[in-house]
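Trainee: I would like to go through the labels used for this model and ask what each one rests on.
Mentor: Go ahead, one label at a time.

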Amino acid sequence: MLFILVDHSSFSCIMLCPIWIYCLLSSLMCMWLLSNAQSDSGKPVIQLRLAGGKRKHYEGRVEVFYNGEWGTVCDDDFSIYAAHVVCRELGFLDAESWLPSAKYGRGEGRIWLDNVHCSGSEKSLAHCPSNGFGVSDCKHSEDVGVVCSKKRIPGFKFIRNQLTKNQVKNLGVEDVRIRATYSHRKRIPITEGFLEVKDGGKWRQICNVDWNEMNSRVICGMYGFPGEKRFNVRPYKFLAKRRKKNFWGFSVNCTGNEADLAECKVGREIELKGNRTCEQGMPVVVSCVPGRAFAPSVSIGYRKAYRVEQPLVRLRGGALIGEGRVEVLRNGEWGTVCDDDWNLKAATVVCRELGFGSAKEAFTGARMGQGIGPVVMNEVECSGFEKSLTECRFNSEALGCSHEEDAAVKCNIPAMGFNKRLRLSGGRNPYEGRVEVLTERNGSLAWGSVCSDSWGTMEAMVVCRQLGLGFASHAFQETWYWQGDASAEAVVMSGVRCSGTELTLDQCLHHGKHIQCPKGGGRFAAGASCTLTAPDLVLSSQVVEQTTYLEDRPMYALQCAHEEHCLSSSAEQADSTSYRRLLRFSSQIHNNGQSDFRPRAAHHSWVWHECHRHYHSMEVFTHYDLMNLNGTKVAEGHKASFCLEDTHCDEGIQKRYECANFGAQGITVGCWDTYRHDIDCQWVDITDVKPGDYIFQIVINPNYEVAESDYANNIMKCRARYDGHRIWMYNCVIGKNQSESRVLHDSGVPPSVSLQHHQFEECLQMSC
């Protein structure tokens, strides 16, 4: 028999048997086993987390817990392969990108790893070659960050590693769901049920012993609901006794401000004892309060049109439901919020105030387009529990803020299943096609087409929003070039008229079951194409105020304008030597959106006007109306788009459109088109108007020929005072939802003639 005594510093072989070769082989084997054991034990056990400000739960600064202390990783030699290792170690499928130079802020403590070289197959970042733990010549300005895939690894088992006494780990479960009882499953949306988390590939309940309202608030917020409510516990206790128990092994601690359960901390460990687990409680049940627009309906057809709950705050310019630029009503005027210190807490207050859930993202830098009017809030500080953004602390002085810094939000919204009842069929891509609707026929659900009579941009807008495809780029009344589903040829909806605020097409006015479609479906079925960005035209009220004046012009000099119907009806009988009194002004139209404004009609279909010797790319681009104070029209005009071009652009933006030589027409984002006061039809004929007080109104793109992200700011209204010889234009406001009192009930005196003349001269020098 052979005994081997092993020492860490030396090896000795004491032979009790004369077979010396066995001793030699055994010694070599022993040395190999020992070295291998030392190698395995030499791989340190670490824990990772993502940290930093203004981030989502799947991104952040990479931090390593080693030797009882949290530290960071230097970006030297870091790669996407190392990012993959980090994300997989945290339970995500893989990495999308990595960011150097402390993009998520500078960390604290030790820089544990430097010059990390991973192949991507390692199970832990600790297994990748590096300089060694704590060996680094980096500063925290070189801390690396990663962006992981939002999807978690199926079957990833959450393991609570050893932490220091003061450290708590975030949740790492695969998924979360509210499992409704049988009686609630037909409700849309599902607002109440057992809460379950997916861990290790299995759905598990959470014991409610340590559960509180803050946890429920987070769950409701991530499912698109503004708040939680009490519920009847008795039926759930009865169901819980009959169901097989499969509890998760931990409790949950949320502050109430988290946007997702994954951002909450893990609570105490729950002792799993089979059916005797959580004997003092029951599985967690969550009950949420939906916003008014998403009130549950037993019937599938949801017919309540969207209305904001709180009129002091609104969203504008967003492509999808629950997102947009934040605007606040203050002193009767809508204004924007500066993005200084804008964060998820403030964004969540906005979202919940408007009847949505918590905020997914808080956008800065005018990501949803630039607004108009004043910047009414700056440096907003919210606790996250305010009922309105107006209750948060803020700085009313917005010095240094411009509309390039307008804040925006993207909110969680309930799963309403809107996109399952509508589709675009036959298009070249998912963003276009014939509109087909799922309706009930003869007791079963079937797809059918929509009659194209009265079909326009507003109706297409609702379709694109319902499908989550953004804005409408075009509305089609003929779709013969798209081969839709042959079984969906029958017209199932006609007479559709939408205001543009509806969430679904069946919320719009339509004929119901009594279909009236003289053209029939087939080639004349309605169609739409969608886009995630759109232009947004806004008129400069200041230019209109500063350039208004009167001109008396003889009829013989107005023949071309007369042919284009730019004069009032009394001009038909007017003598060629008579004069017409014209209210002249310049209009400066800015594109504040996220894509260029282009005429709907292609070059070949533009209309040639022989008298003026130019083409019209849009037959009606603007309407000009003079109304008395009760809204009755007393004079009107219109302007065809004979030339849409970039007259001037913001600094750093290149002009793209120029009308010369029959060039492409449009208005680039960040540019504006100026129609000067001295061109034909840039007026209203007021020859027959009596002296008095009036309202002057301009509407851009009045027929919604071109889709925009916001039509509300296409209207401008001004007060006008006409004494028979002179006219004053003052108190102009943009937007049909602005406080009418600013226009109709203004008690101020119009600006003096001398001041108005001085402003006009200045504007002429600026090419207004």
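Mentor: Keep in mind that this is a predicted model. We can start with Gln682, which sits in the loop between β38 (671-675) and β39 (683-685).

Trainee: Why is Gln682 called buried?

Mentor: Its relative accessibility is 0%. Buried means under 20%, so Gln682 counts as buried.

Trainee: Which residues does Gln682 touch, leaving out those up to four places away in sequence?

Mentor: They are Leu583, Arg584, Phe585, Ser586, Ser587, Tyr624, Lys639, Tyr675, Arg676 and His677. Gly637 is 45 residues from Gln682 along the chain, and the C-alpha atoms of the two are separated by 8.3 Å.

Trainee: What makes the pair Gln682 and Ser587 a polar contact?

Mentor: The contact joins the two side chains at 3.3 Å. The cut-off for a pair of N or O atoms is 3.5 Å, so the distance of 3.3 Å meets it.

Trainee: Ser540 is in the loop between β29 (537-539) and α7 (541-547). Why is Ser540 called buried?

Mentor: The relative accessible area of Ser540 is 13%. That value is under 20%, so the residue is buried.

Trainee: What does Ser540 have around it?

Mentor: Not counting residues up to four places away in sequence, Ser540 touches Gln588 and His590. A polar atom of the Ser540 side chain also lies 3.4 Å from the backbone nitrogen of Val543.

Trainee: What makes β31 (residues 579-584) and β39 a pair?

Mentor: Three bridges join them. Pairing requires at least two bridges, so these strands qualify. Within β39, Trp683 is the bridge partner of Arg584.

Trainee: Which residues touch the most other members of the largest nonpolar core?

Mentor: Phe621 and Phe696, in a core of 32 residues. At least two residues of this core come from each of β29, β35 (618-627), β40 (692-700), β41 (715-722) and β42 (727-734). Another core, of 30 residues, lies apart from it and includes Val437 and Met461.

Trainee: What is Phe696 in contact with, leaving aside neighbours within four places in sequence?

Mentor: Its contacts include Val544, Leu583, Phe585, Tyr624, Val684 and Met729.

Definitions and conventions:
Residues are numbered from 1 along each chain as its sequence is written. This is a predicted model: local features need pLDDT of at least 70, side-chain atom pairs count only at pLDDT 80 or more; totals for chains, interfaces and linings use all residues. Side-chain values use heavy atoms; hydrogens and water are left out. Helices (H or I, at least four residues) and strands (E, at least two) are DSSP runs, numbered from the N terminus. Buried means under 20% relative accessible area, exposed over 50%, partly exposed in between (1.4 Å probe, protein chains only). Contact means heavy atoms within 4.5 Å. A polar contact is a pair of N or O atoms within 3.5 Å; within protein, one must be able to donate a hydrogen and the other to accept it, and residues adjacent in sequence count only if both atoms are side-chain atoms. A nonpolar core is a set of buried Ala, Val, Leu, Ile, Met, Phe, Trp, Tyr and Cys residues joined through side-chain atoms within 4.5 Å.
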